Amino acid sequence: MQARLNWSFAEMCERAQSVDEVQEIFMREVRRLGFSYAACASHVDPLNPPEGAVMMLDYPRPWVEHFSNEGLAARDPIFFTARIQALPFRWSDKKFRRRLAPDQIAILNAAAEAGLRDGFTIPIHAPNALPASCSLVIGPDDIDPLSPGQAHWYAVYAHETVRRLLLKLAVTRPRLLTKRERQCIELIARGKGDFEIGVILGISQHTVHNTVRRIMRKYGVVSRIQMFARALRDREILIEDVAD
Amino acid sequence: MIHIVTAENRHLFRHALMEMHVQRKRVFIDELGWRLNDEMGIEIDSYDAEDVVYLIEADDARAAVTASARLLPTVRPHLLNEVFSCLCEEPPPSGPRVWEATRFCPAPGTPRGPARHELLLRMIGAIMETGLLFGIERITYVASAALAPLAEGAGWSVAPLGAEKRVGREKLRAYVADIDSSGLKRVREALGATAPLTRFTPGALARAA
């Protein structure tokens with residue numbers, strides 16, 4: 001698409017010192033494109049976001065409260081679709097609506113009643129980030145057909161800028177596991193038993209067993225599957241390291 | 001009324017432009033099966049840009065779109081020199097006074113036959129009026145075997161740029177047409193039109209009003 005890219009947007013984001021500043025720039029620019037509401041955010045409860053969540057939100061307040069109170073983040077069809085595809089989708093698109101459950105259609109209808117009638121969503125998949133997306137509501141004067149491309153770029157850029165700012169602000173937590181402990185989890189995830197792991201790492205089967213017990217104690221979990229899930233969530237190991 | 005939509009006034013025609021892209025998807029992809037990219041229910045390609053001229057037939061900026069067409073400058077990449085160069089025996093005419101007409105799109109559901117032919121004739125008249133307005137002397141276009149005779153007989157002077165060729169499921173041929181007032185007069189006579197077919201709404205003026 002030959003829409004002229006607004007490079008000043010990138011410069012403004014680079015210069016921004018705070019999350020609020022990025023949000024302000026982002027909201028101003030998407031409004032200029034003809035969008036009436038925007039949410040560029042992690043897929044979490046908007047009123048109780050966990051640490052590290054991106055939350056650039058400018059939706060009607062009653063809807064945000066309803067969404068939070070009813071715990072809709074768990075069933076939101078937009079979150080659901082954004083997690084399994086990379087390309088933007090329009091809410092009115094039949095391809096998008098076809099695979100939804102009745103209660104998810106009900107969420108869309110309720111959102112429409114709240115003023116979020118027609119729009120589209122840009123899925124955002126960033127490494128080491130919570131699942132996220134940017135939803136944009138088309139305003140009464142409609143949008144230019146070239147605007148979605150521009151908005152896509154804004155959304156991905158603003159999301160990444162906020163994430164970097166949040167990382168800078170976050171207290172850096174030391175890694176919980178040692179290198180040896182991570183190696184054991186990786187090999188377990190590759191289907192190895194304690195004896196094989198011992199041979200691979202050049203330690204005794206007994207030491208492997210004790211190492212695994214130690215990790216489970218650190219995590220407060222009771223099974224190897226639970227332990228693997230935790231290590232994955234905490235990004236002590238990456239799925240790419242154990243599945244190929 | 002056929003609206004001339006340019007970079008200057010396109011912000012007044014967001015709705016009509018969106019409608020045009022939706023119709024292009026339904027006509028070219030769903031009905032004709034062209035292998036084009038569709039994103040979010042609209043057909044839009046790398047030649048669509050802010051500074052391209054669109055002709056959109058609609059009663060007003062928010063009314064139903066009944067037809068549309070796209071006029072590309074030939075001083076940069078366009079279809080004839082990139083996608084359809086095989087249809088030209090020699091390099092196609094290009095330059096600041098040559099435009100390429102593409103994506104003639106009657107609204108989905110336009111009945112075949114006379115209604116569609118008249119729509120094409122009106123669009124050709126509109127292309128000529130717009131060309132004269134912008135100082136364009138020639139228009140190149142690619143037509144299918146079905147459309148070509150109608151376009152050729154519209155009243156403008158037309159010459160083929162090469163032989164007819166089969167491309168995919170269609171037989172296509174490239175043409176160049178002259179834009180001049182005598183040609184426009186003939187097209188208008190064929191239509192029985194006494195007033196201009198096009199209207200240009202200035203962007204800045206409408207904003208001030």
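Start by selecting helix H8 (residues 179-189) and helix H10 (residues 205-219) of chain A: their axes come within 10 Å and cross at roughly 100°. Axes here are lines fitted to C-alpha atoms, for helices over the stretch in contact, and angles run from 0 to 180 degrees between N-to-C directions. H8(A) and H10(A) are therefore roughly perpendicular to each other (65 to 115 degrees counts as roughly perpendicular, under 35 as roughly parallel, over 145 as roughly antiparallel, and the rest as oblique). Show side chains for Arg180(A), Glu181(A), Cys184(A) and Ile185(A) on H8(A), then Val208(A), Thr211(A), Val212(A) and Ile215(A) on H10(A); these make the contact (C-beta atoms, placed from the backbone, within 7 Å).

Before moving on, some ground rules. You're looking at a predicted model, where local features need pLDDT of at least 70 and side-chain atom pairs count only at pLDDT 80 or more, while totals for chains, interfaces and linings use all residues. Residues are numbered from 1 along each chain as its sequence is written, and chains are lettered from A and ligands numbered from 1 in the order in which they are written. Helices (H or I, at least four residues) and strands (E, at least two) are DSSP runs, numbered from the N terminus.

Now colour chain A by domain: domain 1 is 7-169 and domain 2 is 179-242, with bounds from an automatic or database domain assignment. Their centres, taken over C-alpha atoms, are 37 Å apart.

Next pick Gln226(A), which sits in helix H11 (residues 224-233) of chain A. Gln226(A) is partly exposed, with 13 other C-beta atoms within 10 Å. For such labels, buried means 20 or more other C-beta atoms within 10 Å of the residue's own, exposed means 12 or fewer, and partly exposed is in between, with C-beta atoms placed from the backbone. Draw a C-alpha to C-alpha line from Gln226(A) to Met216(A): they are 10 residues apart in sequence and 8.6 Å apart in space.

Over to the sheet in chain A. Five strands form an open, antiparallel sheet in the order E2-E1-E5-E4-E3; strands pair if DSSP finds at least two bridges between them. Strands E2 (55-58) and E3 (89-90) of chain A are at the edges with a single partner strand each, so one side of each has no neighbour in the sheet.

Select E1 (residues 35-42) of chain A, where seven of the eight residues are buried. On one side, seven bridges join E1(A) to E5 (residues 132-138) of chain A, running antiparallel. Look for Ser42(A) with its bridge partner Ala132(A), and Ala41(A) opposite Ser133(A). E1(A) also pairs with E2(A), antiparallel over four bridges, and there Cys40(A) stands opposite Met56(A).

H2 (residues 19-32) of chain A lies across E1, E2 and E5, at about 140° to E1(A). H4 (residues 77-84) of chain A touches E3, E4 (119-124) and E5, and its direction makes about 125° with that of E5(A).

Last stop: strand E7 (residues 138-144) of chain B. Six of its seven residues are buried, so E7(B) is largely enclosed by the rest of the structure. Four bridges tie E7(B) to the parallel strand E6 (residues 98-106) of chain B, with Val98(B) opposite Arg138(B). Seven bridges link E7(B) to the antiparallel strand E10 (residues 170-178) of chain B, where Tyr141(B) faces Tyr175(B).

How values were computed:
Two residues are in contact if their C-beta atoms, placed from the backbone, lie within 7 Å.
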